[in-house]
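Subject: Structure handover

Hello,

Here is the structure I promised. Please have it open as you read; my notes follow below.

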Amino acid sequence: MSLKQSYFRYRISFTKLGSTRFIGHLDLQSLFQRAIKRAKLPVAYSEGFNPHQLLSFAAPLPLGMGGFEEMLEIFLIYEVNVKEIVTLLQDQLPDGIDIVGVVEVPAIGRSAAAIIQKATYRITFSHNFDIRLEKIISDILTSESIKVEKKGKKGMSVVDIRPDIFEIVVDEDNSLRAILACGSERNLKANILAHHILGLSEIAQNDCDITYERLSIGQDVPKL
């Protein structure tokens, strides 16, 4: 039996709102490591010369983006009641990071990062589009292909983002809710979609502030 098979794995959902939106991923990781240690949770550690907590995040947020249902996993050396994990951990976390839920999952299996396929975003524009926004979204959803420039590891390239757009709904106050591909296999950043929409509207990007929030992530996210 491997070491991980003898551990207990927990998947934790949490918010990242307010000023915590500006905590980078590495600092967020350190923040949780310290919180877990102060909470005296029986966290498992890796082996080797530099042991570290067995903790991993699914699809880290871009700096400045708020998240309502982010996800991380931890391995514990013995079983702990999920309600106790919520209480112990929440007491050690700053305002803006709230534990939404904790579930125990099999110790062996795909990680949270590996199962993520989609995410729901709220995109809010400061500029008033009037009725043009609904027309733009309708055109996007009826398009067979949407070619945009996207920066990758090998530099800029032209890619088709239409397969990565599952659903978009126009809300009040110039905001959208969009279900987009998210994960290790396919991923569409919300800002790429937003800038494409601005380009179609002929509104200068400097004339429009855009805010982003991630509402949920997972294999299947709620219908809009």
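First, a convention for helix packing: axes are lines fitted to C-alpha atoms, for helices over the stretch in contact, and angles run from 0 to 180 degrees between N-to-C directions. Helices (H or I, at least four residues) and strands (E, at least two) are DSSP runs, numbered from the N terminus.

This is a predicted model, so local features need pLDDT of at least 70 and side-chain atom pairs count only at pLDDT 80 or more, while totals for chains, interfaces and linings use all residues. Residues are numbered from 1 along each chain as its sequence is written, and side-chain values use heavy atoms, with hydrogens and water left out.

Overall picture

The protein has five helices and 10 strands. Its C-alpha trace spans about 55 × 35 × 30 Å along the principal axes. Of its 224 residues, 43% count as buried. Buried means under 20% relative accessible area, exposed over 50%, and partly exposed in between (1.4 Å probe, protein chains only). Contact means heavy atoms within 4.5 Å. Among contacts with a separation of 6 or more, 73% join residues 24 or more positions apart.

The α4/α5 pair

α4 and α5 pack at an angle of about 115 degrees. Their axes are 10 Å apart. The crossing is right-handed. A crossing is left-handed if the near helix is turned anticlockwise from the far one by less than a right angle, and right-handed if clockwise. From α4 come Arg-132, Leu-133, Ile-136, Ile-137 and Ile-140. They meet Leu-193, His-196, Ile-197, Leu-200 and Ser-201 in α5. These residues divide into seven nonpolar, two polar and one charged. Here Ala, Val, Leu, Ile, Met, Phe, Trp, Tyr, Cys and Pro count as nonpolar, Asp, Glu, Lys and Arg as charged, and the others, Gly among them, as polar.

Cores

A nonpolar core is a set of buried Ala, Val, Leu, Ile, Met, Phe, Trp, Tyr and Cys residues joined through side-chain atoms within 4.5 Å. The largest has 37 residues. Ile-123, Phe-125, Ile-140, Ile-165, Leu-193 and Ile-197 touch the most other members. At least two residues each come from β5 (118-125), α4 (132-142), β8 (165-170), β9 (175-181), α5 (190-201) and β10 (210-218). The largest share, six residues, is from α5. Apart from this core lies another, of 23 residues, including Ala-35, Leu-55, Ile-85 and Ile-97.

Residues to look at

Leu-176 is in strand β9. It counts as buried because its relative accessible area is 0%.

Gln-92 is in the loop between α2 (82-90) and β4 (99-105). It is partly exposed, at 26% relative accessibility. Asp-220 lies in the segment after β10. It counts as exposed, at 67%.

Cys-182 is buried at 2% relative accessible area, and Cys-208 at 5%. With a disulfide taken as a pair of cysteine sulfur atoms within 2.5 Å, the count is zero.

Best wishes
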